[in-house]
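These questions and answers are for a reader new to the structure shown here.

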Amino acid sequence: MKSQRRELIAGLLFISPWIIGFLAFTIYPIIQSFRYSLSDYNVFTGVFTFAGLKNYQTMLTDRTFQISLTNTLYTVFVGVTASTVVALALALLMDNKRLKGQSIFRVVFFIPTLMPLIISCILWMWILQPDYGLINSLLRLFGATNPPGWLSSPVWAKPAMILMMVWGCGGSIIIYLAGLQDVPQSLYESASLDGANFMQRTFHITIPIIAPVMLYNVVTAVIGVFQWFAEPQVMTQGGPNQSTLFYSLYLYQNAFQFNKMSYASAMAWVLLVICLIIIFFLFKGLNRFSDN
């Protein structure tokens, strides 16, 4: 017993820096953010005044909050769907044993994920430039007389951000490729003998088996979109006309520009609840699909 107790004490001492860091930099901020969300907290004076659910009630009438939430949900459902379809399609294509140069394609698609985020944003600002950008130059080459304004257009700004999101889905492609290695080839052979075509094999064999991999990629993508900050801050600052004002950017503005730390804390907790709800339905939906 004494030796076990000494081992336990020694183990706790070894991990004590992590425990202290976890309590100080994770648990304490979480508790404080919830406390701030129920208050009118003045950042400069440090005065804390209990306000109940006032900050949460303000969100119901805050038009800018509603715009930021709508922009984010649009990108979650459209952008995550588009990036998932593209990543899975490319993974299925590269999983074909008859495709030559698979390793080269994997490197090419993975390179964008290695690029620093700010550099990627600047690169896409050049690519999406309305007058001299690469995309509009190609569109004019193929006969387009009035190509989109992309980041300068309220209509095309979010699709432009989604296009950048799809471009950076190389990490998901690699994960899908790893998941496809676990699909038994015998199932494909049996389905082919029964007359199943490629699409039938994909929807009835491939996707149900790699459903856990899809769930991981989709959940991480959803969380990533809800955390979008650097992209809109660098590329559009939330414009034009608040069309790229995403949730995390508006949260940052309230906390550090408008000095509404209590309101920003309440927004953070609402964000947590929204993420949990979406992820809950993702778990339910993909688990039911894999069971079928």
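Q: Where is Ile27 placed?
A: This is a predicted model, in which local features need pLDDT of at least 70, side-chain atom pairs count only at pLDDT 80 or more, and totals for chains, interfaces and linings use all residues. Residues are numbered from 1 along each chain as its sequence is written, and side-chain values use heavy atoms, with hydrogens and water left out. Helices are DSSP runs (H or I, at least four residues), numbered from the N terminus. Ile27 belongs to residues 2–37, which make up helix 1.

Q: Is Thr84 buried or exposed?
A: Thr84 is part of helix 3 (residues 63–94). Buried means under 20% relative accessible area, exposed over 50%, and partly exposed in between (1.4 Å probe, protein chains only). Thr84 has 15% relative accessibility, so Thr84 counts as buried.

Q: Which residues does Thr84 touch, not counting residues up to four places away in sequence?
A: Contact means heavy atoms within 4.5 Å. With residues up to four places away in sequence set aside, Thr84 touches Tyr176, Met214 and Val218.

Q: What kind of aromatic pair do Trp228 and Phe246 form?
A: Rings of Phe, Tyr and Trp (its six-membered ring) pair if their centres lie within 6.5 Å; planes under 30 degrees apart count as stacked, over 60 as edge-to-face and the rest as tilted. By this rule there are 10 aromatic pairs. For Trp228 and Phe246, the centres are 5.2 Å apart and the planes are at 85°, making the pair edge-to-face.

Q: What is the relative accessible area of Phe246?
A: Phe246 lies in the loop between helix 12 and helix 13 (247–257). Phe246 is buried, and its relative accessible area is 0%.

Conventions. Helix = DSSP H or I, 4+ residues; strand = E, 2+ residues; numbered from the N terminus.
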